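Take a look at the sequence and the structure below.

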Amino acid sequence: MTVHGSCHCGKTKFELTHPPAETTACTCSYCAKSGALWAYYPPEAFKLLTAEGDRGLYLWNSRMVEHYFCPGCGMTTYGVSPVFVDFKPDPEKKQIAVNARLLDDVDIGVIPVTVIDGKNLW
Ligand SMILES: [Zn+2]
C-alpha cells in the first residue's frame with residue numbers, strides 16, 4: 001500500500017511503497033531537538049515527488065548523514081545515510097530515514113517505537 005508524506009507547507013512531498021512497521025526515536029542532540037520519529041527504507045522504496053532544489057541540507061558531526069528539511073516551513077523531512085551494521089557505516093549501501101510524523105493517513109501512534117541512545121552512542 002503506497003503511503004504519502006509531506007511537510008507542513010507542502011513544498012516537500014514524497015511517496016513510500018508501504019507504511020512503516022516500526023519507527024525509531026533517537027536521543028542524540030539532532031533527533032531530540034527535531035522531534036523526528038524515523039522510519040527506515042531502502043532508497044528504491046522512497047520517491048521524492050517535489051524538486052530536489054526545494055530542500056535544505058544540514059550536515060553535522062561526522063557529516064555522513066544528509067539531513068534534509070523544508071526551507072519553507074522548517075520541518076525535518078528525511079535523511080540519507082549509509083546503512084549501519086553494528087554501528088559501523090557501510091558506504092556502499094544507502095538508506096532513507098523518513099520522518100514518520102509527516103506521513104498522511106498513517107496512525108503512527110499504533111506503530112511500535114524503538115528508542116536508540118544516540119546521545120551516548122555518537
Ligand atoms: Zn514545508
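What is the site of the zinc ion, judged by the angles among its 4 donor atoms? The site is tetrahedral, with angles of 103 to 118° among those donors. Keep in mind that this is a predicted model.

Now find the donors. They are the SG atoms of Cys7, Cys9, Cys70 and Cys73, and they coordinate the zinc ion at 2.3 to 2.4 Å. Look for them in the sequence too. Their spacing reads C-x1-C-x60-C-x2-C. Cysteine 7 is in the loop between β1 (3-6) and β2 (13-16), and cysteine 73 is in the loop between β7 (66-69) and β8 (76-85). The pair therefore ties together parts that are 66 residues apart in sequence. Are these two cysteines buried or exposed? Cysteine 7 has 4% relative accessibility, so it counts as buried. Cysteine 73 has 24%, so it counts as partly exposed.

Next come the aromatic rings. A pair of aromatic rings is described by the distance of the centres and the angle of the planes. The count here comes to 4 aromatic pairs. Start with tyrosine 30 and tyrosine 58. Their ring centres are 5.8 Å apart. Why does this pair count as stacked? The planes are at 25°, and planes under 30 degrees apart count as stacked. Tyrosine 30 belongs to helix α1 (residues 29-34), while tyrosine 58 belongs to strand β6 (residues 56-58). This pair therefore ties together parts that are 28 residues apart in sequence. Tyrosine 30 is buried, at a relative accessible area of 13%. Tyrosine 58 is partly exposed, at 40%.

Another pair is made by tyrosine 68 and tyrosine 78. Their centres lie 5.1 Å apart and their planes are at 35°, so this pair is tilted. It links distant parts of the chain: tyrosine 68 sits in strand β7 and tyrosine 78 in strand β8, 10 residues apart. Both of these tyrosines are buried. They also belong to a cluster. Ring pairs link Phe14, Phe46, Tyr68 and Tyr78 into it.

Stay with tyrosine 68 for a moment. Which residue lies over its face? Arginine 55 does, at 3.9 Å from the ring centre.

That arginine leads us on to charges. Side chains of opposite charge can pair when their charged atoms come close. How many salt bridges does a search of the whole structure find? It finds 1. Arginine 55 and glutamate 52 meet in a salt bridge through their side chains, at 3.7 Å from N to O. Arginine 55 is partly exposed, with a relative accessible area of 23%. Glutamate 52 is exposed, with 54%.

Finally, turn to the backbone. Asparagine 61 is not a glycine, yet it has a positive phi of about 55°. Where is its place? Asparagine 61 is in the loop between β6 and β7. It is exposed, with a relative accessible area of 54%. Aspartate 105 is not a glycine either, and it has a positive phi of about 60°. Look for aspartate 105 in the loop between β9 (88-99) and β10 (113-116). It has a relative accessible area of 81%, so it is exposed.

Technical notes. Residues numbered from 1 in each chain as written. Predicted model: local features only at pLDDT ≥ 70, side-chain atom pairs only at ≥ 80, totals over all residues. Heavy atoms only, no water. Donors = N, O, S within 2.8 Å, 3.2 Å for Na, K, Ca; no water. Tetrahedral: all angles 85-135°; square planar, octahedral: opposite > 155°, others 65-115°. Helix = DSSP H or I, 4+ residues; strand = E, 2+ residues; numbered from the N terminus. Buried < 20%, exposed > 50% of the residue type's maximum accessible area, 1.4 Å probe, protein only. Phe/Tyr/Trp six-rings, centres within 6.5 Å; stacked < 30°, edge-to-face > 60°. Lys NZ or Arg CZ within 6 Å of the ring centre and 35° of its normal. Salt bridge = Lys/Arg side-chain N within 4 Å of Asp/Glu carboxyl O.
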